[in-house]
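Subject: Structure handover

Hello,

Here is the structure, with notes on what was found in it. Please read them with the coordinates open.

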Amino acid sequence: MYETKIVYGDDLRKMVKTVKGLKKRDCFGRIEKFLHGTDRTRVCALYGLKRTGKTTLLLQTIAEMSEEEFSKCFYAKMNTENTMAQITRDLDKMFDNGYRYAFIDEVTLMKDFIDSAALFSDIYSMMGMKIVLSGKDSLGFWLARDNELYDRVRMIHTTFIPFREYSRLLGIDSIDEYIRYGGLLSQGELDFENEDVIADDASFRDDESTRKYVDTAISRNIQHSLACCQYGHRFGPLRELYEADELTSAINRIVEDMNHRFLVSVLTRDFVSSDLGITAHNLKNERDLQKRTNILEAIDKKTVTEKLMKLLNIRNKAKQTVEITPSQVARIKEYLKGLDLIVECPIRNAEMGLEKEERILFTQPGMRYCQAQALVYSLMQDETFGQLTEDEKTFITDRILEEVRGRMLEDIVLLETMKALGRNYDVFKYQFATGEYDMLIYGRNERGCAAYEIKHSDKCVSEQSRHLRNENMLSLTTPRFGTLEGRYVLYLGENKDTEDGIAYRNAEQFLKVLPEISLTSGLEETESEDETEGMQPTM
């Protein structure tokens with residue numbers, strides 16, 4: 001009767017039961033708003049990498065329909081053999097039978113989807129049918145939006161899952177758990193109290209699982225979408241790699257290279273920085289005798305760091321099998337941005353002449369951390385470090401990974417604040433000739449700003465706020481961005497205020513109350529409107 005796989009009625013009712021009891025993504029309300037709106041010129045597209053909840057969102061939306069709406073609803077799942085001609089003929093039949101709500105999953109698997117996607121909006125939406133599309137090759141939607149669909153699609157992105165949403169969905173309050181596994185959702189991850197489940201089913205549990213995800217969800221996504229777009233004309237500078245069957249390898253290598261550069265920057269900025277002295281002091285004076293050690297003072301930090309960086313460079317060169325041109329790198333980065341996987345870090349300089357560094361933020365922290373972790377462990381196997389004791393090697397490894405988590409916490413706070421606060425605020429890293437504010441928030445309406453230092457530590461140490469107390473840095477901030485309304489250290493300890501005007505606030509609580517903050521937000525414990533205890537902002 002139908003040329004594609006169509007599900008409706010009792011069979012569809014059985015399908016939606018599989019999502020009963022699962023919590024909903026934050027974007028769920030936007031799908032419902034689309035379905036019940038009056039716009040007849042657009043379709044809705046769930047756009048994101050695999051395992052970010054797209055199919056679950058479709059079924060949850062159907063489950064919330066009234067009986068009348070459900071009776072006019074159907075679900076279709078495409079495969080690589082299907083064509084736009086087949087699904088349009090099925091849409092004609094369903095429309096004639098009174099169906100007005102179409103949920104079409106895996107639509108990007110159709111080879112002619114990108115070049116003929118406008119049929120959904122130009123014909124069936126105009127006829128009064130509400131169409132929600134979804135597919136794992138999410139770059140296909142990005143390409144279709146710029147071509148066939150243009151302004152006739154309402155895009156709902158699912159790739160980025162902020163900490164506050166991840167915590168709500170999975171009941172996780174630890175930022176370190178988010179750093180280790182964050183970015184994807186799966187049935188296996190719903191039971192985070194079970195350590196065996198975490199080890200076996202977590203999306204980024206080891207380097208092998210992460211490489212597999214990069215290969216299947218990202219590299220093949222890009223390659224398939226480009227091949228299906230007007231017979232591959234969008235390949236451009238990537239055609240040589242594609243025809244040599246090296247495009248997937250090149251994409252994987254660029255993703256890994258960005259993580260290598262990230263690790264190099266962590267080593268150069270943190271591992272040999274004055275922060276190391278703070279850690280050495282804290283470890284030497286640790287109250288727990290089993291944790292107390294002076295091992296950090298016995299290590300030649302400069303030599304160790306230089307050797308690590310040398311190994312990183314050797315590793316990069318050894319992996320180069322095909323020369324990749326700058327134009328190819330630029331195009332691949334463009335597509336990674338289109339997938340919502342990477343975002344350029346907003347950076348401003350306080351003084352003229354400062355060179356702007358390239359800094360890439362990953363929207364899936366688990367991917368970055370797992371690859372960095374694998375690289376660190378591989379470096380530790382080198383014979384250069386064979387002469388160190390096992391305790392020393394373990395300590396160096398743990399220290400580097402602690403610095404990685406610290407840098408990632410900075411990235412997470414900056415990215416999530418930037419995305420949450422919207423147009424009335426500018427959120428960026430503010431650099432000086434010596435030092436920087438990890439985050440500066442400028443309120444256009446308030447004509448004021450707030451400066452933040454971000455530390456992956458539960459200890460309150462005066463050295464952490466040295467930049468916030470630096471008179472020269474303050475003098476280069478207030479004339480440009482107005483009154484400095486607050487100076488904050490976001491860390492993993494309890495909220496407290498210091499005598500010199502620095503406010504220490506818990507980073508996890510800060511992330512959870514986004515976007516409801518202000519420049520003078522104290523984030524005190526207050527009672528929310530539904531009379532449940534929670535962190536609420538002081539406005």
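Which residue in E4 does Lys 77 stand opposite? Lys 77 faces Asp 105 in E4.

Before the rest, two remarks on the source. The model is predicted, so local features need pLDDT of at least 70 and side-chain atom pairs count only at pLDDT 80 or more, while totals for chains, interfaces and linings use all residues. Residues are numbered from 1 along each chain as its sequence is written, and side-chain values use heavy atoms, with hydrogens and water left out.

Overall

The protein chain has 23 helices and 17 strands (DSSP runs numbered from the N terminus: H or I of at least four residues for helices, E of at least two for strands). Of its 539 residues, 54% count as buried (under 20% relative accessible area, with exposed over 50% and partly exposed in between; 1.4 Å probe, protein chains only). The accessible surface of the protein chain is about 24,800 Å², and carbon and sulfur atoms hold 45% of that (Shrake-Rupley method, 1.4 Å probe). Among contacts in the protein chain with a separation of 6 or more, 71% are between residues 24 or more positions apart (contact: heavy atoms within 4.5 Å).

The six-stranded sheet

This open sheet has the order E1-E3-E4-E5-E2-E6, with mixed pairing (two strands pair if DSSP finds at least two bridges between them). From one strand to the next the twist averages 20° (axes are lines fitted to C-alpha atoms, for helices over the stretch in contact; angles run from 0 to 180 degrees between N-to-C directions).

Strand E3 (residues 73-77) has four of its five residues buried. E3 is joined to E1 (residues 5-7) by three bridges, antiparallel, with Ile 6 opposite Ala 76. Five bridges join E3 to E4 (residues 101-105), and these two run parallel. Between E3 and E4 the chain passes through helix H5 (residues 84-96), in a right-handed β-α-β crossover (with the strands pointing away from the viewer, the path from the first strand over the helix to the second runs clockwise).

E2 (residues 43-47) and E5 (residues 130-135) are parallel over four bridges, and Leu 46 stands opposite Ser 134. Ile 131 also lies in E5. Why does Ile 131 count as buried? Because its relative accessibility is 0%. Its contacts beyond four places in sequence include Phe 34, Ala 102, Ile 104 and Phe 120. Val 43 is another of these contacts; Ile 131 and Val 43 are 88 residues apart in sequence and 5.4 Å apart in space, C-alpha to C-alpha.

E11 (residues 436-443) and E12 (residues 448-454) are antiparallel and joined by five bridges, with Tyr 442 opposite Cys 449.

A helix pair

The axes of H8 (residues 139-146) and H12 (residues 207-228) come within 8 Å and cross at roughly 40°. Leu 139, Gly 140 and Leu 143 of H8 meet Asn 221, Ile 222, Ser 225 and Leu 226 of H12.

Regards
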